[in-house]
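Trainee: I have a new structure to read. Where do I begin?
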Amino acid sequence: MISPNYSQQTMVAPLTSEELASTATVDIKFGNTFRAVREVFAQNILQDANKTIDKDSRYFVDRSSCNLSWLHRVSPKGSLGYFGSQYVVNLIPVPGKVNVKFDQHCQIIDRENFVHQLVTSNEALIELAIKGVEFLARQFSSEKQSMEVLHLSIGRHYISNKGLKGGLWHRHKGDYSLVMLMNDDSVIKNNAPYYTGGILETAKFAGQSLGKGILAVEGTTEKHVLEPNSGYVFSNIEGNMVLRHADGEYVSVNPEQPQEKPQEKPLEKRILIIIMNRSSKPALQSKGTA
């Protein structure tokens, strides 16, 4: 097995009373579509992508030992970067966008052209990108549509024994989004650390301050649990919803004897984010499509 098998027997860390407050699928939130999705990828696709990313963990753990030859194979145009405790693998140019057209089944019509626009030559990550974009297109009935992929990245959130600091309120600049959890470090295992928290929070947009950034309406925050191979799709058209990732807490194997140093392989919250816009031009039909 090349990465953990997300079977029904896995046990996610127990939820707090606050986390239980909002775990159900919701169709509309603050004027936008918002719903939970499960089994986003076939197991082999997700496992192969996780295996590829796991090979990069030496650089992820130790920033001083950068394996450039490996990084160039994963992302030859150098679209990798650090943002605090987050290490981002961008699969499309930044800044930039990738144009894509779908057939009547929401499958990419010209896959070769789509792949050519990606900034990775790794087959596992290419397949992840294709299936992820097609999944998001199906969620919003984008048959025979032209779309622009504005953001396609894998965020690797480092969780040491000091925990993980959550993010700020923000909005996605695109019509449709997918946010999903790729790995299972939040799942309780025998004699292994795990993390709790790190969930997705949503709220109603209140405004923007020069000093504080985007603000949320007090009392509108809702919490949404992230589980392996599951996540949320939502629209951003109305612009009334904001989101952020909550703090995460490291749970040691032996809480009575906390580690003085981070573990050899850190815990990680691995998040795939895809954001797309509808194009003003209709998709061209390929041969064999209705």
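Mentor: Begin with a cut-off. Buried means under 20% relative accessible area, exposed means over 50%, and partly exposed lies in between. At 4% relative accessibility, K29 therefore counts as buried. Keep in mind that this is a predicted model.

Trainee: How many helices and strands does the protein chain have?

Mentor: Five helices and 17 strands. The chain has 290 residues, and 48% of them are buried. Its accessible surface is about 14,800 Å², with 49% belonging to carbon and sulfur atoms.

Trainee: How do I read the contacts in the protein chain?

Mentor: Look at the separation in sequence. Take the contacts between residues at least 6 apart: 81% of them join residues at least 24 apart.

Trainee: Now salt bridges. How many are there?

Mentor: A salt bridge puts a side-chain nitrogen of Lys or Arg within 4 Å of a carboxyl oxygen of Asp or Glu. The count here comes to nine. Start with E222 and K29, whose side chains meet at 2.4 Å, N to O. The two are 193 residues apart: E222 sits in strand β13 (residues 222–224) and K29 in strand β2 (residues 28–29).

Trainee: Is E222 buried or exposed, or something in between?

Mentor: In between. E222 has a relative accessible area of 27%, so it is partly exposed. K29, at 4%, is buried.

Trainee: Which side chain does K223 meet in a salt bridge?

Mentor: That of E201, at 2.5 Å, N to O. E201 belongs to strand β11 (residues 200–209) and K223 to strand β13, 22 residues apart. Both E201 and K223 are buried.

Trainee: What is the partner of D54 in a salt bridge?

Mentor: R270 is a partner, at 2.8 Å, N to O. D54 is in helix α1 (residues 43–54) and R270 in strand β17 (residues 267–278), so this pair ties together parts 216 residues apart in sequence. D54 is partly exposed because its relative accessible area is 24%. R270 has 2%, so it is buried.

Trainee: What should I know about nonpolar side chains?

Mentor: In soluble globular proteins, they tend to be buried together. In this model the largest nonpolar core has 39 residues, and F114 and L152 touch the most other members.

Trainee: Which elements supply this core with at least two residues each?

Mentor: They are α1, β6 (98–101), α5 (123–139), β7 (146–159), β8 (176–181) and β17. The largest share, nine residues, comes from α5.

Trainee: What is F114 in contact with?

Mentor: Leave aside its neighbours within four places in sequence. F114 then contacts V98, V100, I108, A129, I130, V133 and V149. Another core lies apart from the largest one. That other core has 17 residues, including L164, L200, I273 and I275.

Trainee: How many residues of α5 are buried?

Mentor: Twelve of its 17, so the helix is mostly covered by the under 20% cut-off. Among them are L125, L128, F135 and L136. E134 is also on the buried list.

Trainee: What do I find at the ends of α5?

Mentor: At its start, a side-chain oxygen of N122 comes to within 3.0 Å of the backbone nitrogen of A124. S141 follows the helix, and its phi is positive, near 50°.

Trainee: Which side chain makes a polar contact with that of N122?

Mentor: The side chain of T52, at 3.4 Å. T52 is in helix α1. Its relative accessibility is 8%, so T52 counts as buried.

How values were computed
Residues are numbered from 1 along each chain as its sequence is written. This is a predicted model: local features need pLDDT of at least 70, side-chain atom pairs count only at pLDDT 80 or more; totals for chains, interfaces and linings use all residues. Side-chain values use heavy atoms; hydrogens and water are left out. Helices (H or I, at least four residues) and strands (E, at least two) are DSSP runs, numbered from the N terminus. Buried means under 20% relative accessible area, exposed over 50%, partly exposed in between (1.4 Å probe, protein chains only). Contact means heavy atoms within 4.5 Å. Accessible areas come from the Shrake-Rupley method with a 1.4 Å probe; for residues, only the protein chains shown count as cover. A nonpolar core is a set of buried Ala, Val, Leu, Ile, Met, Phe, Trp, Tyr and Cys residues joined through side-chain atoms within 4.5 Å. A polar contact is a pair of N or O atoms within 3.5 Å; within protein, one must be able to donate a hydrogen and the other to accept it, and residues adjacent in sequence count only if both atoms are side-chain atoms.
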